[in-house]
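Subject: Structure handover

Hi,

Here is the structure you asked about. Please open it alongside this note, which says what was found.

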Amino acid sequence: MRYLTAPWRAAYVRKALSVRGCIFCDALEAGDDREAAVLCRSRRAFVMLNRYPYTPGHLMIAPGRHVADLTRARADEGAELFALLQASLRVLDAAYGPQGFNTGMNLGRSAGAGVAGHLHLHVVPRWTGDSNFMPLVGGTRVFIEDLDTTYERLRPLFDRERQRIKRAER
């Protein structure tokens with residue numbers, strides 16, 4: 001087996017291990033959704049931008065309740081996570097027209113969870129050829145859009161989704 005080293009990840013991993021508090025709980029309590037990068041709230045879950053995205057539009061969906069273990073999540077929380085995943089896919093498709101998506105959870109620090117204490121689902125829009133040599137050779141990711149622009153692009157679409165969901169609940 002061959003191994004590829006990525007020494008530039010060490011700083012990120014050290015920082016992730018030293019983070020105090022919970023970024024998801026902090027975002028919910030911030031009082032300013034734009035500043036906290038929260039795009040959509042439902043009764044039991046919410047969607048926020050990933051501040052360290054793999055691609056533009058990289059989202060995270062988390063329950064509002066601080067819970068780390070998926071087996072301890074309530075059924076209503078799971079249902080809302082899934083409903084927000086569906087809404088996120090619609091929003092990202094409308095905003096960016098990606099050719100595919102990666103969605104998933106890293107459950108536990110050894111599984112890759114940067115925030116292991118609060119379960120969350122990643123949604124990453126993908127395009128053919130969106131991976132290139134820059135992260136490997138230059139230790140640099142190239143983004144076509146900053147987080148403020150992404151927020152401005154996605155927030156109105158999530159507002160419409162939230163209204164659509166409310167109508168469907170009636």
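Ile 61 stands opposite Leu 121 in strand 5. Strand 3 and strand 5 (121-126) run antiparallel and are joined by 3 bridges. Strands here are DSSP runs of E with at least two residues, helices are runs of H or I with at least four, and both are numbered from the N terminus. Two strands count as paired if DSSP finds at least two bridges between them.

A word on provenance. This is a predicted model: local features need pLDDT of at least 70, side-chain atom pairs count only at pLDDT 80 or more, and totals for chains, interfaces and linings use all residues. Residues are numbered from 1 along each chain as its sequence is written, and side-chain values use heavy atoms, with hydrogens and water left out.

The sheet

Strand 3 also pairs with strand 2, antiparallel, over 5 bridges. In that pairing, Phe 46 has Ala 62 of strand 3 as its bridge partner. Strand 4 and strand 5 are antiparallel too, with 5 bridges. There, Gly 100 sits opposite Arg 126.

Together the 5 strands make an open sheet in the order 1-2-3-5-4, with antiparallel pairing. Strand 1 and strand 4 (100-104) are at the edges with a single partner strand each, so one side of each has no neighbour in the sheet. The twist averages 20 degrees from one strand to the next.

Helix 4 packs on this sheet and touches strand 1, strand 2, strand 3, strand 4 and strand 5. Its direction makes about 160 degrees with that of strand 3. Axes are lines fitted to C-alpha atoms, for helices over the stretch in contact, and angles run from 0 to 180 degrees between N-to-C directions.

Strand 3 and the cores

How many residues of strand 3 are buried? The count is 5 of its 5. Buried means under 20% relative accessible area, exposed over 50%, and partly exposed in between (1.4 Å probe, protein chains only). Leu 59, Ile 61 and Pro 63 point one way from strand 3, while Met 60 and Ala 62 point the other way. In a regular strand, side chains alternate between the two faces of the sheet.

The largest nonpolar core has 23 residues. Those with the most contacts inside it include Leu 59, Ile 61 and Phe 158. Such a core is a set of buried Ala, Val, Leu, Ile, Met, Phe, Trp, Tyr and Cys residues joined through side-chain atoms within 4.5 Å. Helix 4 (75-96) and helix 6 (147-169) are among the elements giving two or more residues to this core. Helix 4 gives the most, with 7 residues. A second, separate core of 10 residues includes Cys 25, Val 38, Met 60 and Ala 62.

Leaving aside neighbours within four places in sequence, Phe 158 contacts Leu 39, Cys 40, Val 47, Leu 59, Ala 87, Ser 88 and Val 91. Contact means heavy atoms within 4.5 Å.

His 58 lies in the loop between strand 2 (45-49) and strand 3 (59-63). Is His 58 buried or exposed? His 58 is buried, with a relative accessible area of 1%. Residues that His 58 touches include Leu 49, Tyr 52, His 122 and Pro 125, not counting those up to four places away in sequence.

The whole chain

The chain has 6 helices and 5 strands. From the N terminus, the elements run α-α-α-β-β-β-α-β-β-α-α. Of its 170 residues, 34% count as buried.

Best wishes
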